[in-house]
Amino acid sequence: MTTIYEKRRAAITRALKAAGGGIALLPTAPELARNRDSDFPYRHDSYFYYLTGFDEPQAWLAIEASGRSTLFCQPKDLEREIWDGIRLGPKAAPAALGVDAAFSVEALDEIMPGLLANQNAVWFPFATHTGLETQVDGWLAKVRARIRFGAECPQSQHDLCKLLDEMRLVKDTHEIAILRRAGKISAVAHVRAMQTSAAMLRGGVKGGLREYHLEAELLHEFRRHGSQFPAYTSIVAAGANACVLHYRAGDAELKAGELCLIDAGCELDGYASDITRTFPADGKFTPAQRTLYDIVLAAQDAAVKVTRPGKRFMDPHDAATRVLAQGMLDTGLLPKAKHGKVDDVLESGAYRQFYMHRTGHWMGMDVHDCGDYTEPGSKPREETDALGQTVMRKPSRILRPGMVTTIEPGIYVRPAKGVPKEFWNIGIRIEDDALVTDKGCELMTRGVPVDADEIEALMRG
């Protein structure tokens with residue numbers, strides 16, 4: 001039976017042929033030392049895993065335009081396997097992974113020049129693996145040294161990411177199934193964190209409820225359901241910390257009357273999830289918190305409605321930003337006398353004081369996944385940016401079924417002159433993972449509520 005990985009390698013073969021031939025080279029990620037005699041938990045390279053399903057370190061893949069695939073992997077070694085675990089080994093790799101040939105990675109420098117010889121082009125990922133360009137140059141130098149014996153050296157080098165990014169941007173049924181499950185696991189973890197927060201504040205906890213208490217609940221739930229890793233460093237931000245976009249869970253105390261922002265998701269079988277929820281630490285929104293929360297939720301709803309085939313990637317951002325800007329005017333975050341109407345706010349970019357990031361990003365194997373955000377083949381057009389300067393930009397990407405994007409509007413209010421004090425230090429973000437479908441989009445992470453009333457009801461339970 002042809003595996004999904006063989007189908008993907010066949011697609012790369014077709015792409016190489018269409019580009020005039022050549023050979024593609026791809027290493028996996030290196031192991032990284034954490035400190036003396038201790039490594040960080042190993043995580044494969046996403047591109048490599050996408051084409052192989054193989055998660056051992058010290059591995060390489062070569063794919064030729066002829067369709068032949070060659071794997072280099074760690075050799076069998078009884079002594080090392082006692083310490084580090086069983087290795088697949090070159091002998092078993094062809095049957096297990098569907099490659100045509102496999103060799104020990106120890107023979108890489110010996111065999112690779114022969115694979116490169118007489119290829120008209122070499123493809124490898126640019127600017128992703130330190131020293132890779134130098135390594136390829138070394139192999140090409142060995143090929144050139146044999147030109148007088150009839151060998152021909154590749155005449156051009158190309159970025160393999162260009163081919164793989166387009167493939168990975170549209171998810172297949174196998175990927176979608178994993179993403180859905182990752183989203184469900186992460187949603188359950190967020191529910192657990194919300195309920196734990198309210199319960200601990202009601203019951204009292206020695207030393208106070210801390211951000212790391214809720215992070216621990218998230219990590220427990222991720223692992224309990226089979227997730228291998230967090231998809232990224234979890235954000236658990238108490239009170240004013242929520243106004244720091246990339247805050248990391250620390251030891252700050254969560255207090256009754258304050259909000260908590262959690263941005264966290266698990267990684268399952270190489271695929272990420274990404275959820276943000278903002279909730280009252282004790283389970284009850286204050287009037288000011290509820291006012292801003294409902295604005296952010298309305299902004300997300302507006303973005304969801306335009307996340308569908310035929311729309312462009314920036315359309316959800318534009319829809320969300322319009323709602324946020326109007327909300328800023330209505331609440332006095334942006335005084336109408338100074339900033340005018342919503343169109344004036346959008347044109348001036350004044351909303352960026354309280355909303356400074358984009359409403360979404362691609363998601364898949366990487367939480368900020370690969371793929372162009374502009375439409376391939378489109379021509380740049382002249383636009384005016386928020387500073388009034390003329391810039392050349394391509395139209396944003398047209399959404400198509402199978403693409404996965406986050407939808408994550410927010411409002412972040414730092415203390416400042418002219419800003420109503422009742423909103424100071426409130427940071428709110430609501431984020432879900434959206435699969436573009438034939439008719440619209442599917443929110444894969446709604447196992448955790450977003451409606452304010454539902455959040456309060458959940459936290460009372």
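How many bridges join β11 to β14, and in which sense do the two strands run? Six bridges join them, and the strands run antiparallel. Before we go on, a word on the model: it is predicted, so local features need pLDDT of at least 70 and side-chain atom pairs count only at pLDDT 80 or more, while totals for chains, interfaces and linings use all residues. Residues are numbered from 1 along each chain as its sequence is written, and side-chain values use heavy atoms, with hydrogens and water left out.

Let us start with the sheet. β11 and β14 belong to an open sheet of three strands in the order β10-β11-β14, with antiparallel pairing. Strands here are DSSP runs of E with at least two residues, helices are runs of H or I with at least four residues, and both are numbered from the N terminus. Two strands pair if DSSP finds at least two bridges between them. The edges are β10 (235-238) and β14 (275-280), each of which pairs on one side only. On average, neighbouring strands of this sheet are turned by 10° against each other, direction ignored; the axes behind such angles are lines fitted to C-alpha atoms, for helices over the stretch in contact, and angles run from 0 to 180 degrees between N-to-C directions.

Now follow the pairing strand by strand. β10 meets β11 (residues 259-264) in the antiparallel sense over four bridges, and the partner of Ile235 in β11 is Asp263. Two helices pack on this sheet. Helix α9 (residues 211-224) touches β10, β11 and β14, and its direction makes about 155° with that of β10. Helix α8 (residues 173-203) touches β11 and β14, and its direction makes about 15° with that of β14. Contact here means heavy atoms within 4.5 Å.

How enclosed is β11? Six of its six residues are buried, so β11 is largely enclosed by the rest of the structure. Buried means under 20% relative accessible area, exposed means over 50%, and partly exposed lies in between, computed with a 1.4 Å probe on protein chains only. In a regular strand the side chains alternate between the two faces of the sheet. On one side of β11 you will find Leu259, Leu261 and Asp263, on the other Cys260, Ile262 and Ala264, and all are buried. β14 is mostly covered too, with six of its six residues buried: Ile275, Arg277 and Phe279 point one way, and Thr276, Thr278 and Pro280 the other.

Next, the aromatic rings. Rings of Phe, Tyr and Trp (its six-membered ring) pair if their centres lie within 6.5 Å; planes under 30 degrees apart count as stacked, over 60 as edge-to-face and the rest as tilted. By this rule there are eight aromatic pairs. In one of them, the ring centres of Trp60 and Trp139 are 5.3 Å apart and the planes stand at 70°, so the pair is edge-to-face. This pair links distant parts of the chain, with Trp60 in strand β4 (residues 60-64) and Trp139 in helix α6 (residues 132-144), 79 residues apart. Both Trp60 and Trp139 are buried.

Another pair brings Phe313 and Trp362 together, with centres 4.9 Å apart and planes at 55°, so this one is tilted. Phe313 lies in the loop between α10 (287-305) and α11 (314-331), and Trp362 in the loop between α13 (342-348) and β15 (381-384), so the pair ties together parts that are 49 residues apart in sequence. Phe313 is buried at a relative accessible area of 5%, and Trp362 is buried at 1%. Together with Tyr373, Phe313 and Trp362 form one aromatic cluster.

Tyr373 also leads us to the charges. Arg358 lies over the face of Tyr373, at 4.4 Å from the ring centre. Elsewhere, the charged end of Arg8 sits over the ring of Tyr50, 4.1 Å from its centre. The rule asks for NZ of Lys or CZ of Arg within 6 Å of the ring centre and within 35 degrees of the ring normal.
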